Amino acid sequence: MLARRVPQSSIFDHQSVNRPVVYLDYNATTPLAAEAMEAMLPYLREHYGNPSSIHGAGRATRAAIDDARDRMARLLGARPHEVIFTGGGTESDNLAILGLARAQMARGRHLITAATEHHAVLRAFEHLERHEGFRVTFLPVDGGGRIDPGRLREAITPETTLASIMTANNETGVTQDMPGISAACREHGVLLHTDAVQSFGKEPLETALYDAVSLAAHKFCGPVGAGVLWLRSGVAIQSIQHGGSHENERRPGTENVAAIAGMAAAAELALRTMEAEAVRLAALRERLWDGVRAAYPDAVRNGCPAAQLANTLNVSFPGLDGEGLLINLDLEGICASSGSACMVGSIVPSHVLMAMGRPAEVAQATVRFSLGKWTTAGEIERTIAALPAIVARLRALPP
């Protein structure tokens, strides 16, 4: 029997102020969709067999994984054996970068990425450069956060084997010219991986442009702890873990059956509602930006508005304290962030904004508002209404 659907508004009870939270941090993580929860429940309650076991209990969970793999493949326009289930976006990025670079070592040891990538990508490249004898080119971006495909083309050498460029930035929402980037890589036989963790379910994904794509379920209303690496058929990769022969010997470890089932359901929901949600969220985002400018005319919008995810608004408040902004928003029951949620709560200047040419003091005075499936016009108005008092309090503080 399926669980009764809990109204989504009840998920966000803010205990300290006893009123619903305004959640504007969807780029960090998303609420679990009821459809995903319902898909997970049978594998949390009744079906507990190890999917590698040959008995009936194991066959039941193996069937769930096979079904989810088929569904994810259909959504990606791919073949089932090209879908590798992982534990999330970071693992998918690491498997792609470390696994592909190592598998191609005989061809060369030069790699390309961008200065604004997620740390799951940057740290993997830095490891290869520092410890395994690879050379990495970190491409710059312009003031809007975009890469010039021509710069990437110029960076390619006969030793280049792999490039990794994210489709949409997690902090600014800026999207890249992926057709142009893909064309540059194809011309020179360079493999192209993309971290599509933020863009999947928000804009179309053309797997034909890539050789590998990383996804994370909890960014599109699926569960934490599930991800996908799509790997084009015929592309060699080395496993970065050691253990069993799971996932066709590419990712060892017993699969998280419930999370995988929930991810497939959430992915279907995300793509089914993607176009309508993009229109709705873009309108709410622009309304929020109007309210921010009215409360603080010196506010700076970061990223190219013409090439940006519909749900993301990244704003710097020059002259104000970034940590104070987040604390005061939180006191008003408004959840936002300074950028990546993977920096363990630390308020440091964003490497993304610094790469875009923002001064450190401006980058540090930045708030990322990211909207999603349950964001309402009323919540945006509540946020706008709270801003003037927050700005006034911070302005009154001594320097």
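Me: Which helix is Glu249 in?
Reply: Glu249 lies in helix α7, residues 246-249. Keep in mind that this is a predicted model.

Me: And what's its phi like?
Reply: Glu249 has a positive phi of about 65°, although it is not a glycine.

Me: Is Glu249 buried or exposed?
Reply: Exposed, with a relative accessible area of 61%. Over 50% counts as exposed.

Me: OK, what about Cys221, where is that?
Reply: Cys221 sits in the loop between β9 (212-216) and β10 (227-231). Cys221 has a positive phi of about 70° and is not a glycine. Cys221 is buried, with a relative accessible area of 8%.

Me: New topic: how do α2 and α8 pack?
Reply: Helix α2 (residues 56-76) and helix α8 (residues 257-295) pack at an angle of about 25°, and their axes are 9 Å apart. Angles under 35 degrees count as roughly parallel, so α2 and α8 are roughly parallel to each other. Their crossing is left-handed.

Me: What kinds of residues make that contact between α2 and α8?
Reply: Twelve are nonpolar, one is polar and two are charged. Among them are Ile65 and Met72 in α2, and Ile260 and Leu271 in α8.

Me: Last one: where's Thr375?
Reply: Thr375 is in the loop between β14 (366-370) and α12 (377-396). Thr375 is buried, with a relative accessible area of 1%. A polar atom of its side chain lies 2.9 Å from the backbone nitrogen of Gly372.

Me: What does Thr375 touch, leaving aside neighbours within four places in sequence?
Reply: Its contacts there include Tyr23, Arg280 and Ile380.

Conventions. Residues are numbered from 1 along each chain as its sequence is written. This is a predicted model: local features need pLDDT of at least 70, side-chain atom pairs count only at pLDDT 80 or more; totals for chains, interfaces and linings use all residues. Side-chain values use heavy atoms; hydrogens and water are left out. Axes are lines fitted to C-alpha atoms, for helices over the stretch in contact, and angles run from 0 to 180 degrees between N-to-C directions. Helices (H or I, at least four residues) and strands (E, at least two) are DSSP runs, numbered from the N terminus. Angles under 35 degrees count as roughly parallel, over 145 as roughly antiparallel, 65 to 115 as roughly perpendicular and the rest as oblique. A crossing is left-handed if the near helix is turned anticlockwise from the far one by less than a right angle, and right-handed if clockwise. Contact means heavy atoms within 4.5 Å. Ala, Val, Leu, Ile, Met, Phe, Trp, Tyr, Cys and Pro count as nonpolar, Asp, Glu, Lys and Arg as charged, and the others, Gly among them, as polar. Buried means under 20% relative accessible area, exposed over 50%, partly exposed in between (1.4 Å probe, protein chains only). A polar contact is a pair of N or O atoms within 3.5 Å; within protein, one must be able to donate a hydrogen and the other to accept it, and residues adjacent in sequence count only if both atoms are side-chain atoms.
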